[in-house]
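Have the sequence and the model side by side as you read.

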Amino acid sequence: MSPNAFLRPLVCLSLLGLAACGSNPPSPSAAANAPSYSPATTASAPPIKIGLALGGGAAKGFAHIGVIKILEANGLTPSFVAGTSAGSVVGAMYASGMNAFELQEKAVALDEAKIRDLQFSSGGLVLGQKLEDYVNEQVQRKPMEQLAKPFVVISTRLEDGERTVFARGNVGQAVRASSSVPGVFQPVTIGKYHYVDGGIVSPVPVDAARNLGADIVIAVDISNKASGKTPANMLGALNQSIAIMGQKLGQAELARADIIIRPKVLDIGPADFAQRSHAIVEGEKATTALMPQIRERIAQLQAERTKAMQIAQFKAQEAKHQECLKQRSRLQKLSGMVGMRDDCGKP
């Protein structure tokens, strides 16, 4: 064996010995004071909040009650409510704290004379004061901001056609403004402006429900569709004109809803209160048919939210871990290299 081959292991052993001597083991106090890292536990994602966008449609609006009944029966209680025209009437009462069965009781007991006050004028045939008083009575005269659920009402400013969202103040007055169909109801004066039917600018208030904070918006579309026939009278012509206008304006906003429920109530006339029970049943049937789709959308969004939280949590843990490593002293790093516990752990 050559001398070099014999000496090489001895040199290596000597170098290792010097390295061990040159790095003193850390004192117990240094190890105790080392930065530590504790991985955070995975938090569950917050529950999905449902927003309800209730569209206009006069007497067809009783269908909204059926929709709410089925949602509540399946454990899906909306957190936010936005209403246009007839949808604002049902929406106001629901947001006040009534459940679906209480709404149905009110609907069955409703006397049309309580909400209809004829007054012939150039602005319209119905004054609307009785509707305002009825709604305020049902919500115990609370202002909008004191209702049990966040609630907004959509109306149209007559002077310039501006879409107006009422979120505070007199509930009955806002509902009256949103329900004031031009030519039928007299415009409502609020401040220095006049307001008419919200269905002109937002037949189904999807965007308003979303802006309240809803994760998922369920839209209920009961709006009239152009019949393809020539209207028989002035009221019919007005009704069909508004229907055509609403169809065009509402398409883009409806497309932004997660779920669209369309109860089969197009055969119910705007003043056909006798069919209120039929409208409620149609609302129930339409919602029941879409329950699998509603549950699937909620589960999908919940999964996306959970995944996003997990990613954010992992990034936060990784950042904390890296910061812990940076703060360790050279001595602590060296102790980790020779087999001592790594207090920074793994993310």
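Ser85 touches Gly56, Ser178, Ser179 and Asp197, leaving out residues up to four places away in sequence. Bear in mind that this is a predicted model. Ser85 and Asp197 are also the pair that UniProt lists under "active site", in an unreviewed entry.

**Ser85**
- You'll find Ser85 in the loop between strand E2 (80-84) and helix H4 (86-95).
- Ser85 has a relative accessible area of 7%, which is under the 20% cut-off, so it counts as buried.

**Asp197**
- Asp197 sits in the loop between strand E8 (193-196) and helix H8 (206-211).
- Asp197 is buried too, at 5% relative accessibility.
- Its side chain makes a polar contact of 3.3 Å with the side chain of Ser85.
- Not counting residues up to four places away in sequence, Asp197 touches Ser85, Thr156, Ala177, Ser178, Ser180, Val181 and Pro182.

**Glu253**
- Over in helix H9 (residues 234-254) is Glu253.
- Glu253 is buried but has no salt bridge; the nearest side chain of opposite charge is Arg163, 4.7 Å away.
- What Glu253 does have is a side-chain polar contact with Ser202, at 3.0 Å.
- Setting aside neighbours within four places in sequence, the contacts of Glu253 include Val201, Ser202, Val204 and Pro205.
- Val206, Asp207 and Ala208 are also among the contacts of Glu253.

Definitions and conventions. Residues are numbered from 1 along each chain as its sequence is written. This is a predicted model: local features need pLDDT of at least 70, side-chain atom pairs count only at pLDDT 80 or more; totals for chains, interfaces and linings use all residues. Side-chain values use heavy atoms; hydrogens and water are left out. Helices (H or I, at least four residues) and strands (E, at least two) are DSSP runs, numbered from the N terminus. Buried means under 20% relative accessible area, exposed over 50%, partly exposed in between (1.4 Å probe, protein chains only). Lys and Arg count as positive and Asp and Glu as negative; His and the chain ends are not counted. A salt bridge is a side-chain nitrogen of Lys or Arg within 4 Å of a carboxyl oxygen of Asp or Glu. A polar contact is a pair of N or O atoms within 3.5 Å; within protein, one must be able to donate a hydrogen and the other to accept it, and residues adjacent in sequence count only if both atoms are side-chain atoms. Contact means heavy atoms within 4.5 Å. UniProt positions are given in the numbering used here, feature names are shortened, and annotations may be inferred rather than shown by experiment.
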